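Open the model in your viewer and keep the selection panel at hand.

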Amino acid sequence: MATEDLRDTLVAAPGLTSVEAERALTDPGSLAPVPLTGGTGGAGGALDSSVRRIRREHLSLLLHSPTFIVGGVILLFWIVCAVFASHFAPYNPLAQNLLNINTAPSAAHWFGTDALGEDVFSRVLVGAHSILIVAPLATLVGTVAGAAIGLVMGYFGGWIDNIFGRLVDAVLSLPVQITAFIFIVALGPSSLTLILVIGFVFALIIARTVRTAVLQERELDYVAAAKLRDEGALHIMFVEILPNVIAPIVVEFTVRLGYAIFAIATLSFLGFGIQPPTPDWGADIANTYQYLAAGYWWETLFPAIAVASLIVAVNLIGDSMEAVFVQ
Amino acid sequence: MGRYLLKRLLLAVITLIILSVIIFFAGQVLPGNPGRAILGPFAAQSAVNALNHTLGVDRPLVAQYWTWFTGLLHGHMGTSYQFHAPVSSFLYPALGHSLKLALLAFIIVVPLSILGGVIAALNQGRAVDRIISVTGLSLSTMPEFVSGIVLIVIFAIGLKVLPYPANAPGGASIVTQVRYLLLPVIPLVFVLFGYIARMARAGTIEALASDYVRTATLKGLPRRTVIRRHVLRNSLLPTITVIATQTGYLIGGLVVVETLFNYPGLGRLIYTAAQDKDFPMLEAGVLVIGIVYLTATLLADVLYTVLNPRIRLGGAE
């Protein structure tokens, strides 16, 4: 039975990262809570101080890991750009100059200019803004909604679990891009649509993970005790069980964040996110790639490299965190 | 085994029906007025009403769904709003183009990634393993349009060795066609490589650590024989499942790659249908993708069952 359940999880979660998938197959128990903070529940004073010590050790391990530092520096650079780039970018990213279109990289325009004469370098710097806002928000929406759905599915079980499970299967049998098409037709392209699409799909994936964790918690004594005390279902789910499944939820959030950047960059490339003229890496690539055949490669290549660097940074950080926390 | 497969088949059919309901209602209810969408904001209300009546979209939704669903069972997918022609006359050629692309991607990636994963596992912890694992992971996290653009800039614009865009001239030989498809296929291969290689690596490492491999080694079998007869057979089992489930991902990747390379496949067809609010086309296309995905996972189940004696002989659970 374990194998079937396991494959169910893998089959219906195309968004499952390879790391999770591998871990799931080699160690079926691993989709259950991973004790991140050295144990949850029933903590006394002694445990508190040891938890703090472990946290400090983790932090110093992280700060000595080269992958974490490299990833952190790149991410920090893009965060600074997202917040302040409009102040230090060499040109106004929206300033068109029709006398100076499609010029190759030069001393004046490091990354060249695009078909409207806008400075590509400035657009790349300022373009960090949208994805660094949309990706964490979408992941947060997905995590919160997914945790709630997963708690309900796992706690109640039975027909609620069955109906939700079938719905999740049906939606997850479509690639994110296709699900997004349906949303886009309904809601029109915007950052909000992106957040809702990604949040929706992530919620379903995260709900599965949380459900599995809750199924195990449900059988434990503290839940039985709460039931005997005549606590309501809502109280048991969110006050008793939630704190004990918070670890896998946090892990899910960090893993999903990298995937969100992948998905959001892709969807903005398909025209589902921020609309021009606002600078955005995916949208800028969508608007310039048709000039690739004409040889104006700089307009497309530099935003593409920006996307790549952000994804590499997030993955380096995620990798080093996993190496430190999940030994 | 028969009962187990029957159960899986039944579940797949139920999932598909739920999917058709979701697609239909999302496509029909949310955007409001198809007649208005087709005729534009300046058409007379009477014309819009007349068109809505002809399209049958002024009837109750459940009746509409039933007409659509029974039509599907008879092979009628409806008429495209955009081209005023049967959806199927666009869907099938596009599906064919996409299958060509997907097939080429699998032909390249499956042997390559299994080989990579097994080599990494046999050298676990050494430099070769690190290089294969890290490269695979980095490549699989790169969106297809990012790697696609870098490849176009290098191979089509810089070195001028591969053609871009991906439309081979009509009646081209297979070699020419493959040459045209190479650039769009590589980004798909990149993403798939990481996933499959990781599974192959994990499966191989698990098999290497097992008792039966230790027994085989201790009874003096040559390492080569141990690997071929005992390790590979067991390690490739989970890999097969992963390959099949990656079809779902692959279709999503096709949307991006077909758009970037201006290739007339199913992904681009659905993409333009979504942009032009061509609901019959969108609904049919999305449903076809759902069918392809569920068939692939079902196929994976069958393969897994056939290859895994524990399920084959042990019954359903």
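Two residues count as being in contact when their C-beta atoms, placed from the backbone, lie within 7 Å. Keep in mind throughout that this is a predicted model.

**Chain B as a whole.** Select chain B. Of its contacts with a separation of 6 or more, 70% are between residues 24 or more positions apart. The C-alpha atoms fill a box of roughly 85 × 55 × 35 Å along the principal axes. Colour by secondary structure: chain B has 13 helices and zero strands. Of its 317 residues, 42% count as buried.

**Domains.** Next, select residues 32–76 of chain B, which form domain 1, and then 93–267, which form domain 2. The centres of these two domains of chain B, taken over C-alpha atoms, are 43 Å apart.

**A helix pair.** Now select helix H7 (residues 144–158) and helix H10 (residues 223–260) of chain B; their axes come within 9 Å and cross at roughly 35°. The crossing of H7(B) and H10(B) is right-handed. Show side chains for Glu144(B), Phe145(B) and Gly148(B) on H7(B), and for Gly253(B), Val256(B), Val257(B) and Leu260(B) on H10(B), the residues that make the contact. Four of these contact residues are nonpolar, two are polar and one is charged.

**The interface.** Bring chain A back into view: 46 of its residues are in contact with 54 residues of chain B. On chain A, the elements giving two or more residues to this side include helix H1 (2–12), helix H6 (158–172) and helix H13 (298–325). Coloured by type, the chain A side shows 33 nonpolar, nine polar and four charged residues.

Key. Residues are numbered from 1 along each chain as its sequence is written. Chains are lettered from A and ligands numbered from 1 in the order in which they are written. This is a predicted model: local features need pLDDT of at least 70, side-chain atom pairs count only at pLDDT 80 or more; totals for chains, interfaces and linings use all residues. Domain bounds come from an automatic or database domain assignment. Helices (H or I, at least four residues) and strands (E, at least two) are DSSP runs, numbered from the N terminus. Ala, Val, Leu, Ile, Met, Phe, Trp, Tyr, Cys and Pro count as nonpolar, Asp, Glu, Lys and Arg as charged, and the others, Gly among them, as polar. Axes are lines fitted to C-alpha atoms, for helices over the stretch in contact, and angles run from 0 to 180 degrees between N-to-C directions. A crossing is left-handed if the near helix is turned anticlockwise from the far one by less than a right angle, and right-handed if clockwise. A residue is buried if 20 or more other C-beta atoms lie within 10 Å of its own, exposed if 12 or fewer, and partly exposed in between; C-beta atoms are placed from the backbone.
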